[in-house]
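Dear colleague,

Please find the structure below, handed over for your study.

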Amino acid sequence: MSFFRDLNAFLEQKLEDFIRANPQLELNLLLLELEDQERETQERLLRLQQEVNACEQEILGLVSEIRRWRDRTQTALAAQRPDLAELAQQREGELRRRGEQLWTQRLNALNQIPVTQQLLQKIRDRRQEVMNRVPAASAAPPPPPPAAPQQ
């Protein structure tokens, strides 16, 4: 197995040397990596916004459901049925707890949105910086390849 590890290390070193000897390739690889990061960050931002919207929709649905169970509680109390009123109150409590969980989830997603937007802007700035360096790197002559060790 050490042969394969050594071969892998050797090939990785040669690839790094080749990339360093060709700054245009290095910049292009960096651009590709930044584009992938930008795309992933945009997708994350979209997922966060969708999560906020989904939580809000579910919370609105819970509000009407909570009202319905509160009305059932009142109806059961008016009908002198404390057993049914207690069950209705329990269900209303469950729905409220679910609403609190959704509200917390919504707040967490909302808090992550500005952080993700800042990250996206940093990635875009870095990508623009690299893009500005690409023409300069292609105009500069490539450095000479490293000298081979004498045996």
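Which residues does Gln105 touch, not counting residues up to four places away in sequence? Gln105 touches Glu51 and Cys55, where contact means heavy atoms within 4.5 Å.

Before the details, two notes on the source are needed. This is a predicted model, in which local features need pLDDT of at least 70 and side-chain atom pairs count only at pLDDT 80 or more, while totals for chains, interfaces and linings use all residues. Residues are numbered from 1 along each chain as its sequence is written, and side-chain values use heavy atoms, with hydrogens and water left out.

The chain has three helices and zero strands, and its pattern along the sequence is α-α-α. Helices (H or I, at least four residues) and strands (E, at least two) are DSSP runs, numbered from the N terminus. Of the 151 residues of the chain, 22% count as buried; buried means under 20% relative accessible area, exposed over 50%, and partly exposed in between (1.4 Å probe, protein chains only).

Gln105 is found in helix 3. Because its relative accessibility is 31%, Gln105 counts as partly exposed. Gln105 and Cys55 are 50 residues apart along the chain, yet their C-alpha atoms are separated by 7.4 Å. Cys55, in turn, touches Leu102, Gln105 and Arg106, not counting residues up to four places away in sequence.

Cys55 also belongs to the largest nonpolar core, which has eight residues, among them Ile59, Trp69, Ala88 and Leu102. Such a core is a set of buried Ala, Val, Leu, Ile, Met, Phe, Trp, Tyr and Cys residues joined through side-chain atoms within 4.5 Å. Helix 2 (23–78) and helix 3 (82–139) each give two or more residues to this core, and the largest share, five residues, comes from helix 2.

The 56 residues of helix 2 should span 82 Å at 1.5 Å a residue, and its end C-alpha atoms are 81 Å apart, which agrees; the expected span is 1.5 Å times one less than the number of residues. Helix 2 is followed by Gln80, whose phi is positive, near 60°.

Finally, the axes of helix 1 (residues 2–21) and helix 2 come within 5 Å and cross at roughly 105°. Helix 1 is therefore roughly perpendicular to helix 2, a term for angles of 65 to 115 degrees. Axes here are lines fitted to C-alpha atoms, for helices over the stretch in contact, and angles run from 0 to 180 degrees between N-to-C directions.

Yours sincerely

Definitions and conventions
Parallel < 35°, antiparallel > 145°, perpendicular 65-115°, else oblique.
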